[in-house]
Every structure is written in C-alpha cells, then in structure tokens.
Amino acid sequence: MPITRHNGTHPQGARAGVLTPQSLLPRSGLVLSAEEVRQLWSFVHGDIMNGGLRRYLRGSLGLCPRHAWGHAVVEIELWQAGAGLRGGHQPFDVCILLEDLLNYVSLGLDRGSGVFRRHPENILRSLNPCRICKEVAGPATPGLRMGYANSNTAALTDEANLLDYTRRWCTETADEWGSRACPACTAKDPQTVKDLSNGEVGGRSLLCRHHLLAAGTMNLELRCLVVQRLVEIRRRLLRLIDSMTDTGAPATAADNASWIEALGWFAGWSLPLYLTEITIPPSPSPAKDPR
Ligand SMILES: [Zn+2]
Ligand SMILES: [Zn+2]
C-alpha cells in the first residue's frame, strides 16, 4: 500500500497565500506522525471556536490539506463516544469548523470587491500558515511532549493510522459525493486537469478551491455558481451537525456526505479518492477441519 510520510513541515508551495494544486496531498494514504497526532488530538479538545482562534482559522481557511484530513482522521478514529445514532467516531468538531468556513467564504465571494475588502478571488487564498504545521515545526521541548491529558500518543497514533472509521465514512457515502468530487483532483493526467481549468464555467464550478485558484480569474457567473454550491453543502452540513446532537433528526445519505464534500473543496479530494479505490484482498479460506 503506498504511503506518504511527513516531516511536519510545509510541502513546497503550501505556505500561506501561495496554495497551488501541487500542495495538495498525493493520492495516497495518510500516515500521521506521533507529533502530528499529539497536536491534532489536543486541537480536537481545544476551544475551536473561541474568537481569536476562529479569526485565525478563517484567515488560514482551516488547516493545510494534510492536517485538514488529519484533523478528520484523528477525531473520527479516536473519539469513541458521542451523541446521535452513531454515538461516536463522527466528525463533529470538523463539521463545526467547516460550517463556519463555508459561511465565511460564500459570504466573501458573494459580497464582491471593495476598497476595504479582500478581492473575492483572494478569499480563496489562506493568509495564515496552518496552525498544526506551525506547532509541529516549533522547537521541541524534551520532557514536555506529553499527550493531551497525559494520553498515550504512541497508541493513539497507531489507532488513528488504521483509518478504519474514516474509510467506512468515505465508502458508505461515495455514491453521494462521487459525482460531486473535484474533476481535476479526480483526473490522473495533467492535460485533463488543464482542459478542465480552461473549460466551461459550469464544469469549473465543481473544482476544489486549489484548482479554482490555479484556473485563474473567476467571472461573476462562476462566482455565483461556486457560492450556490457552497451554500448547498453548508445546508446539508448543518443537518449533519444536528444529527450528532441528542435531539437532532437522523441524517440522510446526502447529509452524511456533506463533510467530505466540504473538506474536499477546502483541502482537495486525495484521501477519500484513495480510500475508496483500495481493493480489499479476499479473506483467506477457512482452514480445513482436520477431522
Ligand atoms: Zn498543516
Ligand atoms: Zn481539485
């Protein structure tokens, strides 16, 4: 199985403001380091929506592609109990963050440019570096690298990297998001990606934000289509969030796919595409009864 390892620094081109499709995750599995899991597990337990952090995360448009998916993986794999029908292993914190970001970006794109506002296309660019990249790359303090609430980071890392529940979410909802995934993330050859970037406005409205940025200027028609799309994903995401509370109605299949579509738009589609392409080898035949 192809894997990607990470030393905790930004990949080339992934620094704030210069996100390009090259900064997306390669189409391969995600193997998080112990330090990344330690930081992400602490991030999941933090007050994700306090004012200062919310402003920072809007500026960075969440986390970099690797840590945006890593955030989902850590929460889904490690958080065992919760409200709603699933009772755990669900991306509640991730959805809270994505809902805020979808609202922020769709309002920004809808508003148009102005002297004191960012140009609508610049709304798609992150201004701040990824918070987890910053923490992971920070100076190591031997002896102070304890996991959240003294948790066993090595064991949590092994558990998170199995990707069991994340894979299940991606495969169970693939019929919903499959036709709505970014066609450039899905395409395997550079020429198709180029053609899609220069293609019709309707087709370009399905691109993730990285490929939208790479495709260049957005006219008003394209901007409106992107806003419509983000608003529609957010509507389903709100129902999904509701389903993860004690009193919320159960989510539909389309609602369940909404967080993958939102994360795919912000961070590219590499991980769900990879996880749903895995062919599971047939289980070995049971040993013959010697009797
Ligand atoms: Zn990062
Ligand atoms: Zn894409």
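A residue is called buried here when its relative accessible area is under 20%, exposed when it is over 50%, and partly exposed in between (1.4 Å probe, protein chains only). The model is predicted: local features need pLDDT of at least 70, side-chain atom pairs count only at pLDDT 80 or more, and totals for chains, interfaces and linings use all residues. Residues are numbered from 1 along each chain as its sequence is written, chains are lettered from A and ligands numbered from 1 in the order in which they are written, and side-chain values use heavy atoms, with hydrogens and water left out.

**Whole chain**

Display the chain as a cartoon. It has 15 helices and zero strands; helices (H or I, at least four residues) and strands (E, at least two) are DSSP runs, numbered from the N terminus. Of the 291 residues, 47% are buried. Among contacts (heavy atoms within 4.5 Å) between residues at least 6 apart in sequence, 75% join residues at least 24 apart.

Next, colour by pLDDT, the predictor's confidence in each residue, from 0 to 100. The chain averages 81, and 78% of the residues score at least 70. Select residues 1–19, where pLDDT stays under 50 and the model has 41 contacts beyond four places in sequence. Residues 278–291 also have pLDDT below 50, and this stretch has one contact beyond near neighbours in sequence.

**First stop: the zinc ion (ligand 1)**

Select ligand 1 and show the side chains around this zinc ion. Its protein donors are Cys64 (SG), His67 (ND1), Cys130 (SG) and Cys133 (SG), lying 2.1 to 2.3 Å from the ion. Donors are N, O and S atoms within 2.8 Å of the metal (3.2 Å for Na, K and Ca); water is not among the atoms, so sites may look incomplete. The angles among the four donor atoms run from 102 to 114°, and the site is tetrahedral. Four donors count as tetrahedral if all angles lie between 85 and 135 degrees. For comparison, the ideal angle for four tetrahedral donors is 109.5 degrees.

Along the chain, the donors of ligand 1 follow the spacing C-x2-H-x62-C-x2-C. Cysteine 64 lies in the loop between helix H2 (51–59) and H3, and cysteine 133 lies in helix H5 (residues 131–136), so the pair ties together parts that are 69 residues apart in sequence. Both cysteine 64 and cysteine 133 are buried.

**Second stop: the zinc ion (ligand 2)**

Move to ligand 2. Here the zinc ion has as protein donors Cys182 (SG), Cys185 (SG), Cys208 (SG) and His211 (ND1), at 2.1 to 2.4 Å. This site is tetrahedral, with angles of 101 to 116° among its four donor atoms. The donor residues are spaced C-x2-C-x22-C-x2-H in sequence. Cysteine 182 is buried at 0% relative accessibility, and cysteine 185 is buried at 11%.

Select helix H3 (residues 65–78) together with helix H6 (residues 153–160). The two pack at an angle of about 100°, with their axes 9 Å apart. Axes are lines fitted to C-alpha atoms, for helices over the stretch in contact, and angles run from 0 to 180 degrees between N-to-C directions. H3 is therefore roughly perpendicular to H6, a term that covers angles of 65 to 115 degrees. At the meeting place, Val73, Glu77 and Leu78 in H3 contact Leu156, Glu159 and Ala160 in H6.

Within H3, centre on glycine 70. Glycine 70 is buried, with 0% relative accessibility. Leaving aside neighbours within four places in sequence, glycine 70 contacts Leu30, Leu32 and Leu40. The C-alpha atoms of glycine 70 and leucine 30 are separated by 7.7 Å, although these residues are 40 apart along the chain.

Histidine 71 is also found in H3 and is buried at 2% relative accessible area. Beyond four places in sequence, the contacts of histidine 71 include Phe43, Ile48, Leu63 and Asp93.

Select glutamine 90, in the loop between H3 and helix H4 (92–111). Glutamine 90 is buried at 8% relative accessibility, and among the residues it touches, beyond four places in sequence, are Glu75, Trp169 and Met244.

Leucine 61, in the loop between H2 and H3, has a positive phi near 50° although it is a residue other than glycine. Leucine 61 is buried at 2% relative accessibility.

Finish at leucine 163, in the loop between H6 and helix H7 (164–172). Its phi is positive, about 60°, and it is not a glycine. Leucine 163 counts as buried at 4% relative accessibility.

How values were computed
Four donors count as tetrahedral if all angles lie between 85 and 135 degrees; four count as square planar and six as octahedral if opposite donors are over 155 degrees apart and all others between 65 and 115; anything else is irregular. Angles under 35 degrees count as roughly parallel, over 145 as roughly antiparallel, 65 to 115 as roughly perpendicular and the rest as oblique.
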